[in-house]
Amino acid sequence: MMRSDFSAIAKWIEPNSQVLDVGCGDGSLLKYLKDAKGAHVYGVELADDKVLACAQKNLNVIQQDLEGGLALFEDDSFDTVILSQTLQTIHQTARILSEIARVGKECIVSFPNFGHWSHRAAVISGRMPVSKSLPYQWYDTPNVRVLTIADFEALAPAVGLELLDRVVLHEGEIIQFLPNLRGSLAIYRARRAK
């Protein structure tokens with residue numbers, strides 16, 4: 001099943017462009033962009049099984065830990081660099097955001113919104129939230145950070161990102177009214193601030 005953010009991301013990808021997906025997982029987004037947009041796609045992933053899954057899809061992938069940065073890529077090497085539902089799993093958040101903005105002419109960042117009303121209600125009731133966008137229990141989650149739409153919008157300019165566009169979703173539907181409260185997934189298009 002295709003994730004709800006794939007089509008929103010694809011709208012910002014130009015046909016035949018150069019795309020790098022950092023933390024690309026099993027390559028499903030890259031395959032989608034390759035098929036739907038004719039994009040020239042590349043991925044960075046650490047997990048052995050996910051690198052193998054990318055290779056089985058005939059995708060170019062480099063096995064590397066994102067925490068080390070993207071030093072092997074030059075400035076503006078790609079038209080778009082994507083960090084899709086990976087931001088919350090990274091320790092060096094500010095550094096990685098700066099790096100994707102350096103390596104890509106534009107970048108796309110998506111993350112689960114911890115500010116969604118259901119997550120707030122879970123915390124108020126004394127429990128850590130578990131939902132479609134945050135599907136793990138507190139003790140087995142790969143997430144090392146929790147952030148909200150407001151948090152990301154405050155951080156972006158501090159790390160040199162200019163936000164160009166935003167889509168907020170909940171269960172595949174676009175949320176425009178009270179997005180930080182009603183949206184469970186945020187997707188941003190950005191570039192290095194000039």
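F6 is buried, with a relative accessible area of 6%, where buried means under 20%, exposed means over 50% and partly exposed lies in between, using a 1.4 Å probe and protein chains only. This is a predicted model, in which local features need pLDDT of at least 70 and side-chain atom pairs count only at pLDDT 80 or more, while totals for chains, interfaces and linings use all residues. Residues are numbered from 1 along each chain as its sequence is written, and side-chain values use heavy atoms, with hydrogens and water left out.

**Aromatic pairs**

- The count of aromatic pairs comes to 6, where rings of Phe, Tyr and Trp (its six-membered ring) pair if their centres lie within 6.5 Å, and planes under 30 degrees apart count as stacked, over 60 as edge-to-face and the rest as tilted.
- One of these pairs is formed by F6 and Y32, which are tilted, with 5.9 Å centre to centre and 35° between the planes.
- F6 lies in helix 1 and Y32 in helix 2, so the pair ties together parts that are 26 residues apart in sequence; helices (H or I, at least four residues) and strands (E, at least two) are DSSP runs, numbered from the N terminus.
- Y32 is partly exposed, at a relative accessible area of 25%, whereas F6 is buried.
- F152 and Y188 form another tilted pair, with 4.7 Å centre to centre and 45° between the planes.
- This pair links distant parts of the chain, since F152 belongs to helix 6 (residues 149-158) and Y188 to strand 8 (residues 185-192), 36 residues apart.
- F152 is buried with a relative accessible area of 1%, and Y188 also counts as buried, at 2%.
- Ring pairs also link Y42, F73 and F78 into a cluster.

**Nonpolar cores**

- In soluble globular proteins, nonpolar side chains tend to be buried together.
- The largest nonpolar core has 30 residues, of which V22, L83, L97, I100, F152 and L161 touch the most other members; such a core is a set of buried Ala, Val, Leu, Ile, Met, Phe, Trp, Tyr and Cys residues joined through side-chain atoms within 4.5 Å.
- Two or more residues of this core come from each of strand 1 (18-22), strand 4, helix 4, strand 5 (104-112), helix 6, strand 6 and strand 8.
- Helix 4 gives the largest share of this core, 5 residues.
- Another core, of 21 residues, lies apart from the largest one, and A10, V41, I82 and I108 are among its members.
- When its neighbours within four places in sequence are left aside, F152 is in contact (heavy atoms within 4.5 Å) with L87, L97, V109, F111, L147, L161, L163 and Y188.

**Cavity and pockets**

- On a 1 Å grid over the protein atoms alone, a cavity is a set of points where a 1.4 Å probe fits but cannot get out, and a pocket is an open set with protein on both sides within 12 Å along at least five of seven lines, while lining residues have an atom within 4 Å of a point.
- Grid points are joined across faces, edges and corners, and a volume is the space filled by probe spheres set on the points.
- The count comes to 1 cavity of 30 Å³ or more, and Q88, P112, F114, L134, N143, R145, V146 and L147 line the largest cavity.
- The largest pocket holds about 1,300 Å³ of space and is lined by 47 residues, of which R3, S84, Q85, T86 and Q88 lie nearest its centre.
- Helix 1 (5-10), helix 2 (28-37), helix 5 (117-124) and strand 6 (161-170) each supply at least two residues of that lining.
- The second largest pocket holds about 160 Å³, and its lining includes F114, M128, W138 and V146.

**Positive phi angles**

- D76, in the loop between strand 3 (60-63) and strand 4 (78-84), has a phi near 55°, a positive value in a residue other than glycine.
- D76 is partly exposed, with a relative accessible area of 37%.
- Q85, in the loop between strand 4 and helix 4 (93-103), has a positive phi of about 50° although it is not a glycine.
- Q85 is partly exposed as well, with a relative accessible area of 24%.
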